[in-house]
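Have the model open and follow along.

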Amino acid sequence: MTTATAPASKDGAQVELQRRMLRQMLLIRRFEEKAAESYALGKIGGFCHLYIGQEAVAVGSLAALRDDDYVISSYREHGQALARGIPATAVMAELFGKATGCSKGKGGSMHLFDASKRFMGGHGIVGGHIPLAAGLGFAIRYRGGDQVCLCFFGEAAVNIGAFHEALNMASVYKLPVIFCCENNHYGMGTAFDRVAAVTDVVEHACSYDMAAELVNGMDVSAVYEATQRAVRRARSGGHPTLLEVRTYRFMGHSMSDPLHGVYRTKEEVEEQKKRDPISHLVLALKEEGVLDDAALEALDQEARAVVEEAVKFAEASPDPDPSELGTHVLAD
Amino acid sequence: MATMVYMEALSPTMEEGRLVKWLKQEGDPVNVGDALAEVETDKAVMELTARADGVLRQVSVAAGETVPVGHVVAAILAPGEGVGEGPAAARPPTVTVGNEKWETANVAAAPAAARAPAAGAPVPVGVAAAAEAARVKASPLARRIANETGVDLKLLQGSGPGGRVIKRDLERAAALASAPAATAPAAEPFPVPRFPSPERPYEDVPLTQIRKTIAKRLVTSLGPIPHYFLTAEVDMERAAEAREALNRQLGEQGKLSFNDIIIKTTALALTKHRACNAWFQEDHIRYWNEVHLGMAVAVEDGLITPVIRNADRKSLAEIGREARALAEQARSRRLQPADYTGATFSVSNLGMFDIDQFTAVINPPEAGILAVGSIVPKPVGVDDRVAVRRRMRVTLSCDHRVIDGATGAAFLQTLKQMLENPLAMLL
Amino acid sequence: MPTLTYRDALNQALREEMQRDTNVFLMGEEVGLYQGAYKVSRGLLEEFGPMRVVDTPIAELGFAGLGVGAAMAGLRPVIEFMTWNFAVLALDQIVNSAAKILYESGGQIPIPIVFRGPNGAALQLAAQHSQAWEAWLAHIPGLKVVAPATPADAKGLLKSAIRDNNPVIVLEGEMLYNTMGEVPDGEYLVPIGKADVKRDGRDVTLLCHSKTVTTALKAAELLAGQEGVSAEVLDLRSLRPLDEAAILASLRKTNRAVVVEEGWPHCGIGAQVVDLIQRDAFDHLDAPVLRVTQADVPLPYNKQLERLAKPSPDKVVAAVRRVLYLD
């Protein structure tokens, strides 16, 4: 089921795409580092699931989408929100719970929404949003459009009934949905192979007569290209795809969880960090001679500046007015 | 239904009492009249007696404690009656299916409450239960109506569960208040007056013997006797309650009327005010040491005043029986002179005719007569509130040659206190 | 006015709304080819085709979630549950998705969806198939919950539910589907959140909804005949929002109330109604409000036991006698 990556011809557009993806990955990395710092300072509350290590998945897959496609994700979605183009200011303000946040301070880290970007939310119940993705795909098909819906979830969601019900219906109804499983190997502190009878997520696609690909999630180009193929399948005939993107979370499950400990060793984390998707891309671009240290430094400074600006914006923003407590419970 | 045991006013001036000791204990069966506790009043040690049959419960005042008059000190519950009697604790209705009874636990009575002695379970016997008992139980609607109409809920007998005062109790009270003289035998419609011979302007009727006598005697009264009149309004709530209680106790043995109570009370009051129990004898005043009470009875063509002798020493029941017998004899003209002479004081009661208040003419040589009006529920000030209470006006006619103003007033005051606090008759 | 069954009134509402708005589609088990487990969707597949009358796998969570996703994209799904007992599998989607997304998106994404199907006990279906879920559902902010008792209300409320921009739960009744009643033709909307006096009365208010409206009406008849008691039957119709004004107005008139519901007593709809009454009509109460509910047990299969467990006119009469102090 794995399709080999087609040989890349390095034209200008492709280089530009790669530079753009690097910029986004750097932004996510710096944003998440700042989020961790702000969390430690008590400016961010509740759960806060960081994306450090997994940047290539969101950036690579979202680069393959159009603006009118739908995106929906689980609760580890800061990276997807930023890669989808929600301003860092609005995302950081949401983490800070401010009125200027992309969900007006009512959603927080796990519930980032931007309807204008067709970013249909981070969702907090593991696997609960996968049927929603099928519904977004259903709406596309209902209206006869050629959009797709890209749905992110972790490998632990594969053990949830909702995953199977949604994949079955997406296949039965031929819905243009890309189920992007970010396999970072751990559902919180439980290694996938301890709780899953089938550890290659792609194999589940067989049950639902669905196209599938196993993708190296540390290689942003590989993610991009695999997603492109899935998008093409969806747009042409409304066929869903299951992508299993192998990646790794460099941080703990949430801000309150340890990086390593009883469930994984420090050595394992250090070993995985050698596969850092940003370093991977930087190395590739340098080898191709399209990126030097100065340019990288400039990109990184730009990312840091955007994040600094986002924090300043979030800090300066007001809390939601008390009157907001009762708004948006029901629509007019 | 629970009967509350109150700290009673065992003397006319008593405002609080010290419970010296309980003579019955929590759980003891008691009968009406049983001594429940010894109470030290401002004057003496008295007994607090049971006013209902049942079991003594909810004893909330310990020996040695002093509580104000009116404070609930215990309750007498019917045997088997639960302390926490109320909707939550009430047994659900049952329906019969086949030969078995099934509790329809889902009808209203929360089955959880029935099973688990947690929230909503009956309050255990004790201080909390006693405090609950002291509370006037009334539905919120009843409270609101009472508040708006100024009715004192404490005076109403609740007909709801556990004596809860509900809307219909207030409606009944309101009907009572607006109905004519609820205490008079007014159930029969008042006869519509009809002239016997409307075609003639008048009818000459020769004086009968009794009419002549009345004419002669009363002329010798109001003319020569310097009358003056004292009126007092008496709160009859307690007397009415006492009467109801006694009548319940008497059952088929006959009913006491308010008139009986008034006669007895008047007689007792006279024993304390001999100055009013006297004859004017031109050159002397005869103060009587016995009380023979004349009782004005309307007969077909006049009135006559049969006498209840030694009324102060007779029980209410005896007075009641005798008064009824005398009235019957008077109406059937079978009274012997000995039956209607020798009164030392008289009472004339027109309450049954809806008369609020009137002045009676003294029967010489007696020195006083008490004119009794009807008992009417009316709003009066009680403490700081307006309450509807049954009230009665009495007017004492005095022969000033015998009874001076203050003397008559003192007598009337005693009478009023006794009627307002029937227990004081025990003193 | 035509007389229709409750079932056909719902069918009419669906057909009219699907004709009116192409965004409306019906999805659920057996709704298409089979014509509906209870034939509510009879003829709709033929008229609107398989894209708008969608048969689903037996996957309540999946198709409920699919419906919510479609609503996020602006469609107006009507999700039929064969019974609400099965919808428990879909509660995550109803509670965590449908009821939450508008709020947690800061008002960006409304969820105009209807979840409907029969609720409560029918006859001898035993415990798992005989449950009344309104208390669960009405508990959730972000949902609206209606429970029509008559064919006309069924039509009017379903049409209003489909047009509402929020998730609306429509609780039907298997035992109601065959009941007949006059139903206005064409455009007929019953506003959500409005109770309806089904019988005027003076002495006591019977608060009810769905099937218990029938129970209450029968009880009111018995009371009028046997006791000379004039009972007002107030059909709540909408359980969230509750028509608090109508409840209080009736209570202020009658001063006494009995709540009749199919659900269990603990934390039931009646508990909420009683809370309202004691809070806002306290000074108008002449008796504690009583409740007639299903017995606090899983519903038994045995016919006699089942009858004992369910609310009945006799139980309502018994409760009314108590609030009127007639016992």
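Axes here are lines fitted to C-alpha atoms, for helices over the stretch in contact, and angles run from 0 to 180 degrees between N-to-C directions. Helices are DSSP runs (H or I, at least four residues), numbered from the N terminus. This is a predicted model, where local features need pLDDT of at least 70 and side-chain atom pairs count only at pLDDT 80 or more, while totals for chains, interfaces and linings use all residues. Residues are numbered from 1 along each chain as its sequence is written, and chains are lettered from A and ligands numbered from 1 in the order in which they are written.

Start with H2(A), residues 55–62, and H9(A), residues 220–237: their axes come within 7 Å and cross at roughly 40°. That makes H2(A) and H9(A) oblique to each other, because angles under 35 degrees count as roughly parallel, over 145 as roughly antiparallel, 65 to 115 as roughly perpendicular and the rest as oblique. On the H2(A) side, the contact includes Ala56(A), Val57(A) and Gly60(A), and H9(A) brings residues including Val223(A) and Tyr224(A); contact means C-beta atoms, placed from the backbone, within 7 Å.

Now go to H1(A), residues 12–40, and H12(A), residues 293–316. These pack at about 40° with axes 9 Å apart, so they are oblique to each other as well. Among the contacting residues are Leu26(A), Arg30(A) and Phe31(A) of H1(A), plus Asp300(A), Arg304(A) and Val307(A) of H12(A).

Key. Helices (H or I, at least four residues) and strands (E, at least two) are DSSP runs, numbered from the N terminus. Two residues are in contact if their C-beta atoms, placed from the backbone, lie within 7 Å.
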